[in-house]
Amino acid sequence: MGSSKTIMDLFQPAAKRFKLSSPHCCASDNTPNSEPLLQVVSRKLPLSSKSSGSSSATTTSLTAEQQSRIEFNRYVAKSKRNLKACSQKVSKAKEEGSGYVKLEELLAEETWLEVLHGELQKPYAKRLCEFVEKEIKDSGVDIFPPQHLIFNALNITPFDRVKAVIIGQDPYHGPGQAMGLSFSVPEGVKIPSSLANIFKEIHQDVGCRLPSHGNLEKWAVQGVLLLNTVLTVRRHQANSHAKKGWEQFTDAVIKAISDKKEGVVFLLWGNSAQEKSRLINVTKHHILKAAHPSGLSANRGFFGCRHFSRTNQILEQMGMTPIDWQL
């Protein structure tokens, strides 16, 4: 991805204080729009309690905002560890000459390994792994996203953290675009039209400023699972890895959330995403449907859907922390 900034830019030295925006008014004067999220979240968090106090006293003396920041930073650090583990495996494979890491070794997040236990050993998944390996090693065409980011959505958003799910389709197939999160692109990459329309709707819905980049990692760390239904693609060949087994795997992810969690908000945009509603138990979860945010369909029901404020209203009604949509 060249110089594009992702979660690997974690924990850069910084002196300023990080502050989450208000969930009701996304604009925050304390977090400059151009500043990379994962530099911001690395900042030292001021605590109101003395360091010599007991852990219970420390916890009770923290404000809700401070507790939220600490929890957020903890998940950022966990995401960094997962991504580092995947990156090291890929680097080692390249040093050894194979240049390929088996798919099951790139799913690093232990909560998903437990929930999806045995999924990648099923016959369909073995065929999928063989296909992806052949594509990466023998096709002579770039495969996106880079190997260490194939399971980025799961490695950044642990199963127990999932509050909302935004379902995409194919990864972006242009160089440097795909980062393993639906609709998201690394900082420094031009914002695609669908994502630009998402930002416009958020601005109209909850008042967030239009961001200068399209990196959605901040949403993912807060519990928004940004899941594409197909997790790899050939360069400049949309849907080239469709119907190879990825759909069955991501269906298993959606069904696991439906079966083993409660109160998750599923944002289903467009016909392809809405087909996944068959996997979701509507007596336990919440489904929000709208047109796809692409330039072709955004004016036919995406603009004005208010899914972002509605998601936060649902979360708050369940006593959960709402999503800060401001990037």
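Student: Is Phe-249 buried or exposed?

Tutor: A residue counts as buried under 20% relative accessible area, as exposed over 50%, and as partly exposed in between, with a 1.4 Å probe and protein chains only. Phe-249 has a relative accessible area of 1%, so Phe-249 is buried. Trp-246 is likewise buried, at 0%. This is a predicted model, in which local features need pLDDT of at least 70 and side-chain atom pairs count only at pLDDT 80 or more, while totals for chains, interfaces and linings use all residues. Residues are numbered from 1 along each chain as its sequence is written, and side-chain values use heavy atoms, with hydrogens and water left out.

Student: Where do Trp-246 and Phe-249 lie?

Tutor: Helices (H or I, at least four residues) and strands (E, at least two) are DSSP runs numbered from the N terminus. Both residues belong to helix H9, residues 246-260, and are 3 residues apart, about one turn of the helix. The protein has 11 helices and 6 strands in total.

Student: How many aromatic pairs does the structure hold?

Tutor: Rings of Phe, Tyr and Trp (its six-membered ring) pair if their centres lie within 6.5 Å; planes under 30 degrees apart are stacked, over 60 edge-to-face, and the rest tilted. The structure holds 12 such pairs. Trp-246 and Phe-249 have ring centres 6.0 Å apart and planes at 75°, so this pair is edge-to-face.

Student: Which pair is tilted?

Tutor: Phe-302 and Phe-303 form a tilted pair, with 6.1 Å from centre to centre and 55° between the planes. Phe-302 is buried, at 0% relative accessible area, whereas Phe-303 is partly exposed, at 32%. Both belong to a cluster linked by ring pairs, which also includes Phe-183, Phe-199, Trp-219, Trp-269, Phe-308 and Trp-325.

Student: Which residue lies over the face of Tyr-75?

Tutor: A charge sits over a ring if NZ of Lys or CZ of Arg is within 6 Å of the ring centre and within 35 degrees of the ring normal. Arg-74 lies over Tyr-75, at 4.8 Å from the ring centre. Lys-261 lies over Phe-159, at 5.1 Å.

Student: In what order do the strands of the open sheet run?

Tutor: Strands of a sheet pair through backbone hydrogen bonds, either parallel or antiparallel. Two strands count as paired if DSSP finds at least two bridges between them. Here 4 strands form an open sheet in the order S3-S2-S5-S6, with parallel pairing. S3 and strand S6 (286-290) stand at the edges with a single partner strand each, so one side of each has no neighbour in the sheet.

Student: How many bridges join S2 and S3?

Tutor: Strand S2, residues 164-168, pairs with S3 over 5 bridges in the parallel sense. The bridge partner of Ala-164 in S3 is Val-224, and Ile-166 stands opposite Leu-226.

Student: Why is strand S3 described as largely enclosed?

Tutor: In S3 (residues 224-228), 5 of the 5 residues are buried, so the strand is largely enclosed by the rest of the structure. Val-224, Leu-226 and Asn-228 point one way, and Leu-225 and Leu-227 the other.

Student: At what angle do helices H7 and H11 pack?

Tutor: Axes are lines fitted to C-alpha atoms, for helices over the stretch in contact, and angles run from 0 to 180 degrees between N-to-C directions. H7 (residues 193-206) and H11 (residues 307-317) pack at about 60°, with axes 8 Å apart. The two helices are therefore oblique to each other; angles under 35 degrees are roughly parallel, over 145 roughly antiparallel, 65 to 115 roughly perpendicular, and the rest oblique.
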